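Dear colleague,

Please find below the structure that I am handing over to you. My notes on it follow, arranged by topic.

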Amino acid sequence: MSDVLRLTNMTFHACHGLLPEEARLVQRFEVDVELRLDLRAAGERDDPSLTVDYTAVYDLVGQVVKGGRRYGLVEALAEAVAAALGERFDALASARVRVRKPTPPMDGHFDGLEVEIERHFGD
C-alpha cells in the first residue's frame, strides 16, 4: 500500500517511564503516525467517509498517551498506540508509530529518545 495519511508531532503531557520520579513527573511526549490505507476513492470522490478521520486519530492517540495506564517503556507506549489504531480503524493496512520523549530525566545531554515501530493489520 503506497497511500499514507500522516499526523506529525502530536504533543501530549503524561507520566510514563521506569524511574520512580516519572510516576509523578509530567513529561512531554511527541507522537507521529503514518497510516497506510487506500485513499484513492476518498480522493476521487472528495468524500471524507472514505478515509480515516484524522481528528479521531488524534483523539485516540491522546487517549492512549494521556490515559490512566502508565508505561515504563516508550516501546510499550508505541505498541499501545499502534494496537489502538488497528482496533479502531478497519481500513488500515498498517501503521508506523514514532514516540519521542524529548527530555528524559537522566544525567546527560542529547536531543531525546525516539522509538519507531510498524504494525500490519488485516490479512
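**Findings: Glu30 and its surroundings**

I begin with a contact between two side chains: that of Glu30 makes a polar contact with that of Arg28, at 3.1 Å. Please bear in mind throughout that this is a predicted model. Glu30 is found in strand S2. Is Glu30 buried or exposed? With a relative accessible area of 12%, Glu30 falls under the 20% limit and therefore counts as buried. Arg28, by contrast, is partly exposed, its relative accessible area being 34%.

Apart from neighbours within four places in sequence, Glu30 is in contact with Asn9, Met10, Thr11, Arg98, Val99, Arg100 and Pro102. Thr11, one of these, is also the bridge partner of Glu30.

**Strand S2 and its pairing**

Strand S2 covers residues 27–36. Eight of its ten residues are buried, so S2 is largely enclosed by the rest of the structure. S2 pairs with S1 in the antiparallel sense, over nine bridges. S2 is also joined to S3 by seven bridges, and these two strands likewise run antiparallel. In the pairing with S3, Asp32 has Arg98 as its bridge partner.

**Salt bridges**

How many salt bridges does a search of the whole structure find? The total is 14.

Arg96 forms a salt bridge with Glu34, and the closest N and O atoms are 3.7 Å apart. This pair links distant parts of the chain, since Arg96 is in strand S3 and Glu34 is in strand S2, 62 residues apart. Glu34 is buried, with a relative accessible area of 7%, whereas Arg96 is partly exposed at 22%.

The side chains of Glu44 and Arg40 form another salt bridge, with an N to O distance of 3.9 Å. Both residues lie in helix H1, four residues apart, which is about one turn of the helix. Glu44 counts as exposed at 59% relative accessibility, and Arg40 counts as exposed at 58%.

There is also a network of salt bridges, which links Arg6, Arg28, Glu30, Asp32, Glu34, Arg96, Arg98, Arg100, Glu114, Glu116 and Glu118. Both Arg28 and Glu30, described at the outset, belong to this network, as do Arg96 and Glu34.

Helix H3 comprises residues 74–88, 15 residues in total. From its first C-alpha to its last it reaches 21 Å, close to the 21 Å expected at 1.5 Å a residue. The buried residues of H3 are Val74, Leu77, Ala78, Ala80, Val81, Ala82, Ala84, Leu85 and Gly86. Against which elements do the buried residues of H3 pack? They pack against strand S2, helix H2 (54–66), strand S3 (94–101) and strand S4 (113–120).

In soluble globular proteins, nonpolar side chains tend to be buried together. Here the largest nonpolar core has 33 residues, and those with the most contacts inside it are Val33, Leu35, Val61, Leu85 and Val97. Two or more residues of this core come from each of strand S1 (4–14), S2, H2, H3, S3 and S4. H3 gives the largest share, eight residues.

Most residues other than glycine have a negative phi. Two exceptions may be of interest when you inspect the backbone.

Asn9, which lies in strand S1, has a positive phi of about 60 degrees although it is not a glycine. Asn9 is partly exposed, with a relative accessible area of 43%, and is among the residues in contact with Glu30.

Asp46 also has a positive phi, near 50 degrees, and is likewise a residue other than glycine. Asp46 is found in the loop between helix H1 (40–45) and H2. With a relative accessible area of 69%, Asp46 is exposed.

Yours sincerely

Methods:
Residues numbered from 1 in each chain as written. Predicted model: local features only at pLDDT ≥ 70, side-chain atom pairs only at ≥ 80, totals over all residues. Heavy atoms only, no water. Expected span 1.5 Å × (residues − 1). Buried < 20%, exposed > 50% of the residue type's maximum accessible area, 1.4 Å probe, protein only. Contact = heavy atoms within 4.5 Å. Polar contact = N/O pair within 3.5 Å; in protein donor to acceptor, adjacent residues only side chain to side chain. Core = buried A, V, L, I, M, F, W, Y, C linked by side-chain atoms within 4.5 Å. Pairing = 2+ DSSP bridges. Salt bridge = Lys/Arg side-chain N within 4 Å of Asp/Glu carboxyl O.
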